[in-house]
Amino acid sequence: MSAADTTVEVATDEAVRRRDDSAVLRIGEDDGERLEAEAGTSDTSMVMNMGPQHPSTHGVLRLMLEMEGETVMRSKPVIGYLHTGMEKTAETLTYLQGPTNVTRMDYAAPLFSELAFSMATEALLGLEVPPRATWIRMLMCELNRISSHLLFQATNGMDIGAVSMMIYGWREREEALRLLETITGLRMNHNFIRPGGVAADLPDGWRDEVLTLIDALPARLNEFDTLLTGQPIYRERLQGVGVINTAECLALGVTGPILRSTGYAWDLRRDMPYLAYDQVDFDVVVGTYGDCFDRYAIRLNEIRESIRILAQILHQMPSGDYRVQDKKVTPPPRARIDESMEALIHHFKIFTEGFKVPAGEVYAAVESPRGELGCYMVSDGSAVPYRMHIRGPSFVNLQTLPHMMQGGMVADAVAIISSVDPIMGEVDR
Amino acid sequence: MTDSVLHVSRDQFTETVAGLRDDGYVSVLDVTAVDYLEHPGRTDLPAEVTPERFELVVTLISHTAPGRTRLRVQVPDDDPTVPTLFDLYPGTEALEREVADMFGIVFEGHPDPSRILMPPDWEGHPLRKDFAVGQIPVQFKATR
């Protein structure tokens, strides 16, 4: 089912609105105790606090839950505990330093933030990235998608109580990270995708290493299937839990696996292609019921699709330059600096003053493992962005929590948070 | 693929968004703002638009004819209010709270106008250009 031939009732469908009004607990962060005191003993509901220091809240997510016995009535995600003002920081960093900042937002999928930032900068500069750089970016992003989804498998298993899954998911992810380390020099926060291309060419032997990984992974994923997918306890915990439908998702601005779990095929890679995704063959994985199990299965199968894409990238990787040869943006090659005074000055100027970007505003978006990750950038013609905003998919997706939790048990709330796969670094920025 | 950009006034804002929703724009992807206080000179505005200090930027997406539309709304410093989009797209709730928190723009009719990223007792709006970096004493309650 494609997006085009689906008619979806839009946004303010009355049912959505009614559910919305009753699911979200709209009280202040400190009001829980006061409300309870006012209600007295006749009221059977209580407001319970979950997090921010709670192992299953994936970092520092805090939830205020209005409980009726074990049942969650209304709830409110309270965020901001990891807010470090990264968008303000971005206004003091040059365009070349920018990726070091945004890469720390979604720390499980750092390359996607770097890519969105770089694409926005390149759009303002009017730069066309050479084909090899585009394909290297795609290679890195799919590797990163695999590592991010493997992390989800690990934490999701752990949250549900399949603790051994944590070890397996982590083990597989570490192998993907090792490959990223071989290529970029760092396990995380790579600062590898930069305006104009990528930081370095692929190292010798990269093909063999990628092949080793994508040869080994499918068998491991089958083991995940054996361990989790067919297991009755696991299915009981996830099936029919945290159900959401397409209309609700679209009204809430939800993207990524949560939207796809409702049976709605929307993936920027296919529907609004960027990089060279129109030249590779892959399927958009969708669910049926919009429950936690569908979201688990989608992420597992997206790893398989990424492996398919990686195999095609291995075949189609073009030769050529890994960054644009534009003297304004690209520092001179290291060898030239030893021979030429001008090259040394050029190198120094680019890294101290940066390069000027024409005034304008632009929005660039990529499909991150969590949904649409956008970068809105305003330039005033200087070497630092006038304003840089990241549209984080987790930030928006968190709004589904009250709707999915309503009427469920507290134990289900844990499964639901896990299935949203929020990364708080990107939520709070 | 470039996004289309629309400049709308605050009076026509809700109406325009409602029109876009009827035209198949299924989601509001992003609501953000820019403080143009220190911008050296804005050249990308059409002649009929009066530049103001704040600009509200709303990005919508259409899936049937894949494409995004960006609305740019000028919001003056002395009356930083805009009508909320919550009634049209409930997903703008958190995004508008963030803009209100970071820029001090008030969304009229918003169901939960509390701070979202900063502590509830924080003073000021950090992404305003006159909010200095690193010169503010820490305001957490426990340190007082």
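A:Ser147 counts as buried, because 27 C-beta neighbours fall inside 10 Å; the cut-off for burial is 20 or more. This is a predicted model. A:Ser147 sits in helix H6 of chain A.

What does A:Ser147 touch, once residues up to four places away in sequence are left out? The partners are A:Arg173, A:Ala176, A:Leu177 and A:Leu180. A:Leu111 is 36 residues from A:Ser147 along the chain, and their C-alpha atoms are separated by 11 Å.

## H6 against H7

The axes of H6(A) and helix H7 (residues 163-184) of chain A come within 7 Å. They cross at roughly 160 degrees. That angle makes H6(A) roughly antiparallel to H7(A), since the label applies to angles over 145. The crossing of H6(A) past H7(A) is left-handed.

A:Ser147 is one of the residues that H6(A) brings to this contact. Others from H6(A) include A:Met140, A:Asn144, A:Leu150, A:Leu151 and A:Met158. H7(A) supplies, among others, A:Val163, A:Trp170, A:Arg173, A:Ala176, A:Leu177, A:Leu180 and A:Ile183. Sorted by class, the contact of H6(A) with H7(A) holds 16 nonpolar, 5 polar and 2 charged residues.

## H5 against H6

Helix H5 (residues 110-125) of chain A also meets helix H6 (residues 131-160) of chain A. Their axes come within 8 Å and cross at roughly 145 degrees. From H5(A), the contact uses A:Leu111, A:Phe112 and A:Leu115. From H6(A), it uses A:Arg137, A:Met140, A:Cys141 and A:Asn144. The residues in this contact of H5(A) with H6(A) split into 5 nonpolar, 1 polar and 1 charged.

A:Met140 and A:Asn144 of H6(A) contact H5(A). A:Met140 and A:Asn144 are also listed in the contact of H6(A) with H7(A).

## A three-stranded sheet

Chain A has an open sheet of 3 strands in the order S1-S2-S3, with antiparallel pairing. Which strands stand at the edges? They are strand S1 (45-50) and strand S3 (71-78) of chain A. Each has a single partner strand, so one side of each lacks a neighbour in the sheet. From one strand to the next, the twist averages 20 degrees.

Strand S2 (residues 62-68) of chain A runs antiparallel to S3(A), and 6 bridges join them. One residue pair can be named: A:Glu68 has A:Thr71 of S3(A) as its bridge partner.

## A covered helix: H18

Is helix H18 (residues 410-420) of chain A mostly covered or mostly exposed? Mostly covered: 9 of its 11 residues are buried. The buried residues of H18(A) are A:Asp412, A:Ala413, A:Val414, A:Ala415, A:Ile416, A:Ile417, A:Ser418, A:Ser419 and A:Val420. A:Asp421 follows H18(A) and has a positive phi, near 55 degrees.

## Where chain B meets chain A

How many residues does each chain give to the contact? Chain B gives 38 residues and chain A gives 42. On the side of chain B that touches chain A, the elements giving two or more residues are strand S2 (25-35), strand S3 (54-62), strand S4 (67-75) and helix H2 (92-103) of chain B. S2(B) gives the most to that side, with 7 residues.

The side of chain B that touches chain A divides into 20 nonpolar, 9 polar and 9 charged residues.

Note on methods: Residues numbered from 1 in each chain as written. Chains lettered and ligands numbered in written order. Predicted model: local features only at pLDDT ≥ 70, side-chain atom pairs only at ≥ 80, totals over all residues. Axes fitted to C-alpha atoms, helices over the stretch in contact; angles between N-to-C directions. Helix = DSSP H or I, 4+ residues; strand = E, 2+ residues; numbered from the N terminus. Contact = placed C-beta atoms within 7 Å. Nonpolar A, V, L, I, M, F, W, Y, C, P; charged D, E, K, R; others polar. Parallel < 35°, antiparallel > 145°, perpendicular 65-115°, else oblique. Left-handed = near helix turned anticlockwise from the far one by under 90°. Pairing = 2+ DSSP bridges. Buried ≥ 20, exposed ≤ 12 C-beta atoms within 10 Å, placed from the backbone.
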